[in-house]
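Q: Could you take me through the reading of a structure, one feature at a time?

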Amino acid sequence: MDMYDAKQLYDRLKVSEREDGILDLDARLRAMNGPLLAWYEKHARILPWRENPEGYRVWISEIMLQQTRVEAVKPYFERFLEALPDVASLASVEDDRLMKLWEGLGYYNRARNLKKAAGVIMEEYGGKMPEQYEELLKLPGIGSYTAGAVSSIAFGHPVPAVDGNVLRVISRVTASREDILKASTKKWMETHLRETMPKNRASHFNQGLIEIGAIVCVPNGQPHCAECPLESICLAKRQGLIGEIPVKTPPKKRRLEDKTVCILECGSRVGLNKRADSGLLASLYELPNREGHLAPEEVPEAFGLDPGEIVELEPIGPAKHVFSHVEWHMTGYRVRLRHEIPKSYIAAAKEELKTIYALPNAFGRYTKMIE
């Protein structure tokens with residue numbers, strides 16, 4: 001295996017199964033505890049939020065890590081904590097500043113709910129992060145996984161934290177064919193883990209399970225079973241079912257939307273819109289865009305431009321952005337204007353795109369072209 005003698009560890013900790021080779025469910029889950037904790041102590045990645053697992057830091061990291069890779073989150077986490085080091089500063093931050101700090105992470109409702117929850121913590125908990133799972137669940141944007149993660153990792157309470165990684169690992173260990181996208185499957189798993197997890201090591205237990213799912217029993221591709229401390233008790237491995245488990249409902253086909261995007265430039269300024277307060281990318285700034293793929297001659301009328309004001313209209317090629325339920329297929333134009341950005345747009349200084357205006361990644365290919 002690697003750095004320690006895997007055979008000795010497994011011989012010492014492996015499950016003594018009955019002759020029929022079947023443990024009951026809770027016994028199998030309890031059998032994970034020793035190997036899992038030993039492995040985590042040896043292999044836990046060094047991550048900035050683990051250095052000081054205080055409640056606020058754990059909470060921010062867990063929200064950022066939803067739908068986002070660890071390596072992508074690291075610089076955002078450091079920047080966010082530097083700007084908003086505590087609950088009070090988060091509760092009072094201006095919305096545009098918050099969105100700018102979150103820019104590039106996507107799923108912007110996460111940031112909005114962070115601020116809402118911080119307000120609740122200030123008003124109802126005196127600015128102190130609640131410890132108990134049940135209290136955390138009352139906060140905006142916090143579900144069972146995040147409540148379990150904060151309560152166990154920051155405060156040591158013995159509650160499970162079941163995310164996609166844990167659903168995959170436990171499904172394989174138990175050879176469960178329950179659909180992991182069903183709420184009932186997650187609830188079932190939480191119930192049994194709460195009964196079988198080590199009560200005095202909840203933080204390392206939960207983080208260990210998540211870590212195994214992230215770097216060993218991986219979400220995409222072949223799992224690294226030979227490196228897994230749970231290999232000796234994993235029923236999916238024993239029964240040759242790794243390729244079939246976990247079971248999950250195929251995603252619905254995404255809706256496709258065509259759009260035309262314009263970079264409207266006049267000297268050192270660029271035209272922006274602000275999106276509506278509800279719906280996709282709510283309240284964020286954006287490059288002007290219209291439905292459909294427009295030909296060059298259609299652009300002036302569609303974007304409310306005076307043809308006599310246009311110095312240059314240059315095609316800048318296609319781009320695509322994938323959301324959870326919709327795909328944008330875009331074509332773009334750079335439009336250089338003679339005198340000013342039309343009043344119907346925000347005339348933003350290009351330098352302010354770096355400091356004030358949060359533009360979503362959906363327009364990333366085009367915003368990179370702005371000088």
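A: Let us begin with a term: two residues are in contact when heavy atoms of theirs lie within 4.5 Å. The model shown here is a predicted one. With neighbours within four places in sequence left aside, Phe 80 is in contact with Tyr 56, Ile 60, Met 64, Leu 90, Leu 98, Leu 101, Trp 102 and Leu 114.

Q: Which residues of helix α8 are buried, and what covers them?
A: To read burial one looks at the relative accessible area, and a residue under 20% counts as buried. In α8, which spans residues 95-102, the buried residues are Leu 98, Met 99, Lys 100, Leu 101 and Trp 102. Their cover includes α5 (55-65), α6 (70-83), α7 (87-92) and α9 (109-124). Just after α8 comes Gly 104, which takes a positive phi of about 100°.

Q: Is Ile 153 buried or exposed, and what is it in contact with beyond its neighbours within four places in sequence?
A: Ile 153 belongs to helix α11, made of residues 144-155, and with a relative accessible area of 11% Ile 153 is buried. Once the neighbours within four places in sequence are left aside, its contacts are Pro 53, Val 58, Glu 62, Gly 148, Ser 203 and Gln 207. For a sense of distance, the C-alpha atoms of Ile 153 and Gly 267 are separated by 51 Å, while the two residues are 114 residues apart along the chain.

Q: Why does strand β1 count as largely enclosed by the rest of the structure?
A: The way to judge this is to ask how many residues of the strand are buried: in β1, residues 255-266, nine of the 12 are, so the strand is largely enclosed by the rest of the structure.

Q: Which strands pair with β1, and in what sense?
A: The sense of pairing can be read strand by strand, together with the bridges. With strand β6 (residues 326-337), β1 pairs in the parallel sense over 11 bridges, and there Val 261 stands opposite Gly 332. With strand β4 (residues 289-291) the sense is antiparallel, over three bridges, and Lys 259 has Glu 291 as its bridge partner in β4. The pairing of β1 with strand β2 (residues 269-274) is also antiparallel, over two bridges, with Glu 265 opposite Val 270. The hairpin of β1 and β2 has two residues between the strands, and in this hairpin Gly 267 takes a positive phi near 60°.

Q: How many salt bridges are found in the whole structure?
A: The general idea is that side chains of opposite charge can pair when their charged atoms come close. A search of the whole structure finds 21 salt bridges. One of them joins Lys 74 and Glu 71, whose closest N and O atoms are 3.0 Å apart; both residues lie in helix α6, three residues apart, which is about one turn of the helix. Lys 74 is partly exposed, at a relative accessible area of 23%.

Q: Which other residues meet in salt bridges?
A: Arg 255 and Glu 257 meet in one, at 2.9 Å from N to O, and Glu 257 is buried, with a relative accessible area of 18%. Lys 354 and Glu 351 meet at 3.5 Å, N to O, and both of these residues are exposed. A network of salt bridges links Glu 265, Glu 312, Glu 314, Arg 334, Arg 336 and Lys 350.

Q: How many aromatic pairs are found, and why is the pair of Phe 323 and Trp 328 edge-to-face?
A: Six aromatic pairs are found in a search of the whole structure. The ring centres of Phe 323 and Trp 328 are 5.0 Å apart and their planes stand at 70°, so this pair is edge-to-face. Phe 323 counts as buried at 13% relative accessibility, and Trp 328 is buried with a relative accessible area of 1%. Together with Phe 363, Phe 323 and Trp 328 form one aromatic cluster.

Technical notes. Residues numbered from 1 in each chain as written. Predicted model: local features only at pLDDT ≥ 70, side-chain atom pairs only at ≥ 80, totals over all residues. Heavy atoms only, no water. Buried < 20%, exposed > 50% of the residue type's maximum accessible area, 1.4 Å probe, protein only. Helix = DSSP H or I, 4+ residues; strand = E, 2+ residues; numbered from the N terminus. Phe/Tyr/Trp six-rings, centres within 6.5 Å; stacked < 30°, edge-to-face > 60°. Salt bridge = Lys/Arg side-chain N within 4 Å of Asp/Glu carboxyl O. Pairing = 2+ DSSP bridges.
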